[in-house]
Amino acid sequence: MVMAKPRFNGTLDAPSIYRGSPSPEIDAVWEEIAVDARSVRMTAEQLLRIGKKPSPAMARYPDEYGGGYMVTIEGIHMLHCINMLRRVSWGDHYRSSDFAIHDSPEGFRTHLDHCIEMLRQNIMCRGDVAMLTYDWVEGSLDPLPNFNVPHQCRNFEKILDWVDEHRVIVPTSEMVRLEDTVDLLSPP
């Protein structure tokens with residue numbers, strides 16, 4: 001049995017629970033998919049299977065929280081970045097809360113540039129080759145792209161379900177460097 005590929009609804013004004021003027025409802029749905037890293041644990045053996053070598057610089061959970069290495073799924077980070085761009089696109093509406101989590105406006109700008117660069121790399125890496133056709137639309141001088149095309153997708157709800165089943169929640173005050181931790185001189 002061949003499964004139908006999902007179609008994105010790319011119509012310019014298509015309704016979505018994720019778009020529109022800032023509101024508590026829209027912020028809540030974005031928070032559900034992107035607000036924190038939703039960290040999970042991996043063992044040293046699992047890290048090796050994904051091509052990562054355990055290192056004394058890697059963050060680990062304290063034994064009282066089950067030990068293991070702290071990891072996050074990249075897709076959740078990408079959603080965090082998209083949400084950051086969404087918030088910036090609304091100008092001053094979010095500005096005070098966005099700046100509040102950074103040491104300075106420059107720190108915020110660095111974070112924003114990081115997100116843009118990560119999204120660029122991710123899009124180029126994945127290289128979606130879905131074909132967009134163009135249609136003539138009454139009142140338009142140029143043909144308009146039809147963004148409503150089939151895509152090969154993963155079930156993101158299932159990914160979030162898996163992450164939430166394996167999530168490790170440790171209060172920030174409990175997440176400390178262990179005795180044998182070695183700090184890197186700069187971020188990897």
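Student: At what angle do helix 1 (residues 24–34) and helix 3 pack, and what makes an angle name apply?
Tutor: In this predicted model, the two helices pack at about 155°, with their axes 9 Å apart. That makes helix 1 roughly antiparallel to helix 3, because the angle is over 145 degrees. The scheme counts angles under 35 degrees as roughly parallel, over 145 as roughly antiparallel, 65 to 115 as roughly perpendicular and the rest as oblique. Axes are lines fitted to C-alpha atoms, for helices over the stretch in contact, and angles run from 0 to 180 degrees between N-to-C directions.

Student: Which residues make that contact, and of what class are they?
Tutor: Ile26, Asp27, Trp30, Ile33 and Ala34 of helix 1 meet Ile76, Leu79, His80, Ile82, Asn83 and Arg86 of helix 3, where contact means heavy atoms within 4.5 Å. The classes are 7 nonpolar, 2 polar and 2 charged residues. Ala, Val, Leu, Ile, Met, Phe, Trp, Tyr, Cys and Pro count as nonpolar, Asp, Glu, Lys and Arg as charged, and the others, Gly among them, as polar.

Student: What rules lie behind the numbering and the values?
Tutor: Residues are numbered from 1 along each chain as its sequence is written, and side-chain values use heavy atoms, with hydrogens and water left out. As the model is predicted, local features need pLDDT of at least 70 and side-chain atom pairs count only at pLDDT 80 or more, while totals for chains, interfaces and linings use all residues. Helices (H or I, at least four residues) and strands (E, at least two) are DSSP runs, numbered from the N terminus.

Student: How do you know which class Phe156 and Asn122 fall in?
Tutor: Phe156 of helix 6 has a relative accessible area of 28% and is therefore partly exposed. Asn122 of helix 5 has 18% and is therefore buried. Outside four places in sequence, Asn122 is in contact with Glu74 and Met78.

Student: What makes helix 3 and helix 6 parallel, perpendicular or oblique?
Tutor: Helix 3 (residues 74–89) and helix 6 (residues 156–166) pack at about 110°, with axes 11 Å apart. That angle puts them in the range for roughly perpendicular, so the name applies. The residues that meet are Gly75, Ile76 and Leu79 in helix 3 and Phe156, Leu160 and Val163 in helix 6. The C-alpha atoms of Phe156 and Ile76 are separated by 9.7 Å, although the two residues are 80 apart along the chain.

Student: What is helix 5 to helix 3, by angle?
Tutor: Helix 3 and helix 5 (residues 105–126) pack at about 125°, with axes 9 Å apart. That makes helix 3 oblique to helix 5. The residues of this contact divide into 12 nonpolar, 5 polar and 1 charged.

Student: How does the span of helix 3 compare with the expected one?
Tutor: Helix 3 has 16 residues and reaches 23 Å from its first C-alpha to its last, close to the 22 Å expected. The expected span is 1.5 Å times one less than the number of residues.

Methods. Buried < 20%, exposed > 50% of the residue type's maximum accessible area, 1.4 Å probe, protein only.
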